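Here are a few exercises to work through with the model open beside you. Try each task before you read its solution.

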Amino acid sequence: MRNKYEIKELNPRKNPYSKRLKKQITININVEVVDYFKNMAEQSGIPYQTLINLYLSDCAENKRELKMAWE
């Protein structure tokens with residue numbers, strides 16, 4: 001075993017997942033919304049947080065805009 005290793009020489013490849021990193025945040029979501037995604041998670045077998053991320057990712061990729069009307 002060596003005393004010192006050159007990290008760049010060990011693995012010269014870039015991380016293929018570096019563009020898909022996630023950032024942990026704190027967000028307040030209505031209980032009904034969380035329950036909705038938890039029910040979907042039970043049906044699909046995908047964790048509810050992943051489903052929420054997939055939904056928000058789809059909105060961001062397709063540049064969906066929120067349409068609100070106050071009456």
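**Exercise 1: the second largest pocket**

Task: find which residues line the second largest pocket, and sort them by class.

Solution. Start with the list: Ile27, Asn28, Ile29, Val33, Tyr36, Phe37, Ile52, Tyr55 and Leu56 line this pocket. A pocket here is an open set of points on a 1 Å grid over the protein atoms alone, where a 1.4 Å probe fits and protein lies on both sides within 12 Å along at least five of seven lines; lining residues have an atom within 4 Å of a point.

Before going on, a word on the model: it is predicted, so local features need pLDDT of at least 70 and side-chain atom pairs count only at pLDDT 80 or more, while totals for chains, interfaces and linings use all residues. Residues are numbered from 1 along each chain as its sequence is written, and side-chain values use heavy atoms, with hydrogens and water left out.

Next, sort by class: eight of the lining residues are nonpolar, one is polar and none is charged. (Ala, Val, Leu, Ile, Met, Phe, Trp, Tyr, Cys and Pro count as nonpolar, Asp, Glu, Lys and Arg as charged, and the others, Gly among them, as polar.) Then check the helices: helix 2 (31-44) and helix 3 each supply at least two lining residues. Helices are DSSP runs (H or I, at least four residues), numbered from the N terminus. Last, the volume is about 160 Å³, taken as the space filled by probe spheres set on the points, with grid points joined across faces, edges and corners.

**Exercise 2: the largest pocket**

Task: say which helix gives the most to the lining of the largest pocket.

Solution. First, the volume of this pocket is about 740 Å³. Of its 17 lining residues, Lys23, Ile25, Gln49, Ile52 and Asn53 are the closest to the centre. Helix 3 (residues 48-61) is the top contributor, with eight residues. By class, the lining splits into nine nonpolar, five polar and three charged residues. Ile52 turns up here, and also in the lining of the second largest pocket.

**Exercise 3: a salt bridge**

Task: which side chains meet in a salt bridge, and how exposed are these residues?

Solution. Apply the rule: a side-chain nitrogen of Lys or Arg within 4 Å of a carboxyl oxygen of Asp or Glu. The count comes to one. The partners are aspartate 58 and arginine 64, at 3.0 Å, N to O. Now the exposure: buried means under 20% relative accessible area, exposed over 50%, and partly exposed in between (1.4 Å probe, protein chains only). Aspartate 58 has 31%, so it's partly exposed. Arginine 64 has 53%, so it's exposed.
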